[in-house]
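Dear colleague,

I am handing over the structure that we spoke about, and below it you will find what turned up when it was examined. Please keep it open beside this message while you read.

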Amino acid sequence: MNLISQLIIGFIAVLHIYILWLEMFAWTTRAKKVFKTIPEDQFEKTKVLAANQGLYNGFLAAGLIWSLLICDITWSQNVAIFFLGCVLVAGIYGALTASKRIFLVQAVPAILGLLSLLF
């Protein structure tokens, strides 16, 4: 895997670890400043749902980190493609159902990662 792909994948993994932290541990504090479209009174009510969502973001990060640790180039790339595809699908779905901004934050980096691996 080339250095550009590794850097993009590493960035996306760190981004999803940050999202995990926001959704699992800072939902009723810091997340209010990040997710401005959600009414203030909804944060406490949706704390468990957000934590569940954060856990899934953690799985995405774990898979991307795993792809960076695999020594076999073909296997590493295939694992990266799978998890970047998952991030892309999550970004598209989030953009369609929650906020168009999610496309820029999640889907665009995943597209860049996939392009860096495939070309």
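Side chains of opposite charge can pair when their charged atoms come close. Asp41 is partly exposed, with a relative accessible area of 47%, whereas Lys45 reaches 61% and therefore counts as exposed, the cut-off being over 50%.

A search of the whole structure finds 2 salt bridges, and Glu40 and Lys32 also meet in one through their side chains, at 3.1 Å from N to O. Here Glu40 is exposed, its relative accessible area being 56%, while Lys32, at 27%, is partly exposed.

Please bear in mind that this is a predicted model, although the mean pLDDT of the protein chain is 97 and 100% of its residues reach 70 or more. Among the elements of the chain, the lowest mean pLDDT, 95, belongs to helix H2 (residues 31-34), and the highest, 98, belongs to H1.

The helix to look at next is H4, which runs over residues 47-69.

Several residues of H4 are buried, among them Ala50, Gly54, Asn57, Leu60, Ala61 and Leu64. An α-helix has 3.6 residues a turn, so residues three or four places apart point the same way. You can follow this in the model, where the buried residues of H4 pack against helix H1 (3-25), helix H5 (73-97) and helix H6 (101-118).

Finally, there is the open space to consider. Rolling a probe the size of a water molecule over the atoms shows where empty space is left. The largest pocket holds about 940 Å³ of space and is lined by 29 residues, of which Glu23, Phe35, Gln53, Ala98 and Ile102 lie nearest its centre. Which helix gives the most to that lining? It is H4, with 7 residues, and H1, H4, H5 and H6 each supply at least two residues of the lining.

With best wishes

Definitions and conventions
Residues numbered from 1 in each chain as written. Predicted model: local features only at pLDDT ≥ 70, side-chain atom pairs only at ≥ 80, totals over all residues. Heavy atoms only, no water. Helix = DSSP H or I, 4+ residues; strand = E, 2+ residues; numbered from the N terminus. Expected span 1.5 Å × (residues − 1). Buried < 20%, exposed > 50% of the residue type's maximum accessible area, 1.4 Å probe, protein only. Contact = heavy atoms within 4.5 Å. pLDDT = per-residue confidence, 0-100. Salt bridge = Lys/Arg side-chain N within 4 Å of Asp/Glu carboxyl O. 1 Å grid on protein atoms, 1.4 Å probe; cavity = no way out; pocket = protein on both sides within 12 Å on 5 of 7 lines; lining within 4 Å. Points joined across faces, edges and corners; volume = space filled by probe spheres on them.
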